[in-house]
Amino acid sequence: MKFASEFRDPALAKGLLAEIAKLAEQIGATREKPVHIMEICGGHTHSIFRYGLDKLIHEGIEFIHGPGCPVCVLPRARVDECIEMAERPEVIFTTFGDAMRVPGSKLSLLQAKAAGADIRMVYSPLDALELARRNPGREVVFFGLGFETTTPSTALAIQQAAREGLTNFSVFCNHITVPEPIKALLDDPYMMLDGFIGPGHVSMVIGIHPYDFIAQDYGKPLVVAGFEPTDLLQSVLMVLRQIAEGRAAVENQYARVVPEHGNKVSLAAIADVYERRPSFEWRGLGEIDASGLRIRPAYRAYDAEEKFGIGYAGKRAEVEEAEGCACGAVMTGRMKPVACPQFGKGCTPEMPLGALMVSSEGACAAYWQYGGARAAE
Amino acid sequence: MKFASEFRDPALAKGLLAEIAKLAEQIGATREKPVHIMEICGGHTHSIFRYGLDKLIHEGIEFIHGPGCPVCVLPRARVDECIEMAERPEVIFTTFGDAMRVPGSKLSLLQAKAAGADIRMVYSPLDALELARRNPGREVVFFGLGFETTTPSTALAIQQAAREGLTNFSVFCNHITVPEPIKALLDDPYMMLDGFIGPGHVSMVIGIHPYDFIAQDYGKPLVVAGFEPTDLLQSVLMVLRQIAEGRAAVENQYARVVPEHGNKVSLAAIADVYERRPSFEWRGLGEIDASGLRIRPAYRAYDAEEKFGIGYAGKRAEVEEAEGCACGAVMTGRMKPVACPQFGKGCTPEMPLGALMVSSEGACAAYWQYGGARAAE
Amino acid sequence: MCLGIPGQIVAITDAGRMMALADVSGVKREVNVACVAEGPLEALVGHWALIHVGFAMSLIDEDEAARTLEALRDLGEAQETLAQMAEGAAALEGRA
Amino acid sequence: MCLGIPGQIVAITDAGRMMALADVSGVKREVNVACVAEGPLEALVGHWALIHVGFAMSLIDEDEAARTLEALRDLGEAQETLAQMAEGAAALEGRA
Amino acid sequence: MALRDERVTLAHGGGGKAMRDLIEEVFTAVFQPPGMEDQARLTEAALAEPGARLAFTTDSYVVTPIEFPGGDIGKIAVCGTVNDLAVGGARPLWLSAAFIIEEGTEIALLRRIVATMAREAEAAGVRIVTGDTKVVGRGACDGVFVTTAGVGVIPPGREMAAGLVQPGDVAIVNGVLGDHGATILATRGDLALSSDIESDCAALGHLMAGVMAAAPGIRAARDLTRGGLASALNEIAQAAGCGIVIDETALPLRAEVVGLCEILGLDPLYLANEGRLVTFVPEAEAAAALAAMRARPEGAGACVIGRAVADHAGQVRMRTAFGGARIVDMLVGEQLPRIC
Amino acid sequence: MALRDERVTLAHGGGGKAMRDLIEEVFTAVFQPPGMEDQARLTEAALAEPGARLAFTTDSYVVTPIEFPGGDIGKIAVCGTVNDLAVGGARPLWLSAAFIIEEGTEIALLRRIVATMAREAEAAGVRIVTGDTKVVGRGACDGVFVTTAGVGVIPPGREMAAGLVQPGDVAIVNGVLGDHGATILATRGDLALSSDIESDCAALGHLMAGVMAAAPGIRAARDLTRGGLASALNEIAQAAGCGIVIDETALPLRAEVVGLCEILGLDPLYLANEGRLVTFVPEAEAAAALAAMRARPEGAGACVIGRAVADHAGQVRMRTAFGGARIVDMLVGEQLPRIC
Ligand code: SF4
Ligand code: SF4
Ligand SMILES: [Mg+2]
Ligand SMILES: [Mg+2]
Ligand SMILES: [Mg+2]
Ligand SMILES: [Mg+2]
Ligand SMILES: [Mg+2]
Ligand SMILES: [Mg+2]
Ligand SMILES: [Mg+2]
Ligand SMILES: [Mg+2]
Ligand SMILES: [Mg+2]
Ligand SMILES: [Mg+2]
């Protein structure tokens, strides 16, 4: 695959790994006292395990897996609300496959579907739109989930629905933003991160400058990275170079895809359709100020929260996260998945407790699936 | 089964058969010059074949099978209209099983169901009413089919729907009456009938007097009869006695079920819900004056013809009956089923041309099924 | 025409809607009794009625039924007497 | 985050709705190109874009891609040279 | 207990761990098929006897409701296929069982079906040795469908076939007719009927073994399933090229079944059974065959219902209780409840 | 031509003439099963050989769409069951075929399916000897489901089982992976994907015969169906109690299949196949086995993908193209298309 396979070439990785090792030695990074680099994005976590980068890389580099997986940070209450809507006879509830297995307080969407709710997996919000066109007698709700990468597509779908005057399409908006939780992390007194790998596809939309505060205010390097293995290694190298040189800047490793200032059309669509919520709840992390988006009053007719009196528009049920779940600690880098007391016991991919165990980008799933550890077996 | 098995006792039949034979001889009825007795009702036709009465009885008695089967006289256009309604996505079309196999001009209801129409067999109009209650989002249409026996049940269902204020229930009214086609038969210059067996369950509703004109104006005996074999034989005997005595009267063999003046509640329901149509089309017999009922304007909301602009309320399609079909001649007694050029060739129960071949009361079906003849095999 | 079956009314199930349980040889179904209800519905229990498409259409008159059967039996006996007489006559005349 | 795949735009299918056909290794799907359309849509044909949930989100800059690869190759060669030098040094010092 | 779900989800059909857990816990734990391969490997001395033949048959079972008075789909799935083997003269040995399961099906229901199957197989002396499960989306099937195939052995020299029936042979059934079909009709909600009738569903392998021992000249047997006695007799008459006469007064029918048929305008001769058969034996062996049937509970109601005749070849006729005669034809389509 | 309907109605399942016409015209006219009974009666000399065993297996087939590039449900129903017999070391002999048909199904579609099955059975050297049809109401099943059971014979002395695989054995597949699963995903309308990929569906009986002749020491084979290569290897590793290592660079994958997986976030190791198998042979016989596979069209793409090892018993690991290693676990549920 062009623009992908070239960046998977092990020969190119050799040079990168050697250079990383050299710099790590130079900085004095060791297994005992490693450089902590957080890959914010679950996609990066996935790549690290898929290609075994954590084992190939110098032992002085430790990856900390960040909260950048929209499925992992989805509170149980949100899943319950999805099911509540999906169980209405008139509703066709559409979602990306990713969300199907996330545990709610009683059922996952997969189980709710088995129990009779009309839940359909789609690949694109456009497919949900098409379902609405084809089923004029039904209410099609799309589960809008994701960071800035995905946010424009939902906005464009809502704009399209408005243009067509569709009245049976709405979005349950759970879109969230990356910079705010990073700020929350950096404000944590126990924070011990030395640098960040930034989510490439988020920056494809928002550009690289929204991260400037990380370098300027907190003095930490951040490199926006692509998702192929050499992209990741190169980004680690770029972070190490900044550390070695005593610099802190926002740099762009993924220039083939990420324009410095992002994508104009996407940003305009986001601005047109959404506004910031005062705060938003993250699974394991609690409420984070200004970290979520909601649909503007102008597009109220397409807002499932308003249409069904649910979510932030309804009386929100207090749903506790599962007992003993350490997802929050794992996502903030304070705990490795295997250290969670539930890992492999109360929480396995077959019977997950936390979302980190079901998302393909979840750190716990990655540890389990790719055998970073199988402590519990 | 009480009130049924006692009347199936072959010992009792023996006396009846002997007495019938005696009277037949006395009248001078022979195989060549038989007494022609029409059993109007398809239920009687069914019993005659089921119990083999035509073979047991004196050869001077010949049964002529009348038009008293609501399925047999159902025009193809009516079936087409049923299918037209049933094919609407919102409609649940309900019908007695009897009508399922009757050929329309393209499909039968059974075939239309296979092709996707939501058609359900019910045992009672009350079951259709219950379907309407349980499916508020759908339109439930009941195919009201039958003579006076069935007419009150549909009327009572419509009254019940009105009491409950159901808005998604309607009846495609194809109810017809017995006396009018009999009058048409009697006015036929080729008529050669010597007496009638009257439909017992019709008289249970309307009593015996609506047939008075047959005795008074046309001088023919009529005996209202039950459906068990001794009921039929006794009725034949009663007809023969009238003939032997030179009388013509309306008599009641089925007094255990048929009150002289019918059933008050049923008659009131019929009068409340229906009015006579100026004329109505019978398969094989053409239009017969005042022979059909329609729903009164007061119950217009429950009239499927009005609701869907179909039948006599729509522009009625001219649908020719199948070519070569002799159903009309068979039903008026002018032709035996085996004499129909299509019998067993173009018309078999598997691939029927006429309705007489699919109704369980149809003379052609009876001839085929019970082997009165298998000429075509 | 129209299939009608004798069934016994064994219980009133919903007086408001005039519904009762009818028993046909041990098979039960709810039927509407509007057409046969004159006095209190409970009085119907135990009676036999002619059932058609879920409605009790007519109460069965047990006396009339007995009378009809009686007439048929008489006819049968008369026939038998006649037959015996015919046989006797034949015997007298020396026929087999 | 968010799975993104390079795909080549091979045809415009519905200009009104900004829809085009994208080809990923021979698998085709209609995608929305609103985010990457600046001039006439036809000009997009032949270009590579990053596809996410049915939308072309960003055009791929082929020069930048080449530059990145070039840098990586340079690094690799530099490493190789260094390694060879190390080997040479080792040989000189008589080590295996 | 890896299986903690209450209902089947699509994950249980995906080929992964959830599927393995479902299969191991619900199915193989009960059926205990030999070996771990996706095929059973079987030996049976009787199969190797010179002249022995292998009998092989299959049926899919799609009954609604899945559980009904007197049985469930699992019972029918075992009995039906055992019966197809047995009426052909084979000794039933092994069954396969393939399940198509609708997403959302309760796992407890599956467990009950499987328990029934294990019990019935044990009682019938057969083993369920191989199987399969598929899960389909909600609405893509009606609860659970079960398909069984059966393998048996026909001993050397045994030859039974409808075509071997000869005029004079006596027709015997093993009990009252139509109970299964009537039960299913009454149990389905749509006709709003209720009754105490129970399905006649039963495995007839042991009964057939008894009959074959008692009446070695036995010509043929047929289990009465869809289409009822009438269809089975017509098939035999046509295959044998002779006529068949049955006697209405001899037909064993339960009053409730007759009542149900009167209500719905059906003919009990066409009602389905799942534990009834008709067999034709030479007249000289009829008494012995009858006695052998009656010796078993599933044949307690056995009786002679008619015989094969040289007349009206290919046609079945019935002497009616009323003294007439009528043709008993094959059913045309399916029996529809009727009101006129 | 008694069958004049264009679509199946409930009457075709009612046990009467309509059913008989459907069965005779559409099914038995093509399959020509032996005899007129509802069981096949079969003899086969190889079954009587001392030490020979009978192999028996079944599968239900529920694929949507029913017809797809490279095959239809009938082709899978024959090939799948032939393959289950063949990978166990049996010579496939006979199949049963049971059809569950939705009311409204086009009879022309049934005829096409049956024609495919007859053709595939002939090519695979098996006979379809017995069968069944059931008709269910509209919405009670998804078009047509087919369940086949298969009987074969395992010659004396042949012993193949996953549990016999030993460290050092070489793992060979017979061609590119995942084509069937990718075809089905692309052909289903809901993802709006199109491609030229065709199902790999093929019967592998002849191929297995060749491999067993060329590599008599063969330990085990598994056809790759639901759950793909990953599931088959995990089953083998667990049954054998050894580890398995495969090499990512050695895996034969079509570019389109990789592309489709990238789009949907799937792993091709878990994609279903219907004409692929993995076999383990002693290292000394690997070349011969490979050559035997490549001699047949359905094995033209055969290659070695890895081997059994003494380490990490029960676990499958993959050396990645990138130089790392990762565990290849069993699938948990089913693979869901994902976007993140
Ligand atoms: S193992 Fe489970 S509960 Fe623990 S952190 Fe991971 S997902 Fe959460
Ligand atoms: S044989 Fe057919 S066409 Fe002829 S009269 Fe009878 S039903 Fe009509
Ligand atoms: Mg009638
Ligand atoms: Mg993501
Ligand atoms: Mg069978
Ligand atoms: Mg069977
Ligand atoms: Mg059978
Ligand atoms: Mg299987
Ligand atoms: Mg199998
Ligand atoms: Mg299989
Ligand atoms: Mg297999
Ligand atoms: Mg069968």
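Through which surface do the copies, chain E and chain F, meet? In this predicted model, 100% of the interface residues of chain E are interface residues in chain F as well, so the two copies meet through the same surface. Chain E is superposed on chain F by a rotation of 180 degrees with 0.0 Å of shift along its axis, and the RMSD is 0.1 Å. This relation is that of a two-fold axis. Nine pairs of chains are in contact, and among these pairs chains E and F share the most contacts.

Other pairs of chains do not touch. Chain A and chain B are joined by no contact, and their closest C-alpha atoms lie 10 Å apart. Chain B and chain D likewise have no contact between them, with 30 Å separating their closest C-alpha atoms.

Within chain B, strand E11 (residues 279–282) pairs with strand E12 (residues 286–289) in the antiparallel sense, over four bridges. The two strands, E11(B) and E12(B), form a hairpin with three residues between them. In the turn, B:Gly284 has a positive phi of about 80 degrees. B:Trp282 stands opposite B:Gly286, which belongs to E12(B).

Definitions and conventions. Residues are numbered from 1 along each chain as its sequence is written. Chains are lettered from A and ligands numbered from 1 in the order in which they are written. This is a predicted model: local features need pLDDT of at least 70, side-chain atom pairs count only at pLDDT 80 or more; totals for chains, interfaces and linings use all residues. Side-chain values use heavy atoms; hydrogens and water are left out. Copies are superposed by least squares on the C-alpha atoms of residues with pLDDT of at least 70 in both. Contact means heavy atoms within 4.5 Å. Two strands pair if DSSP finds at least two bridges between them.
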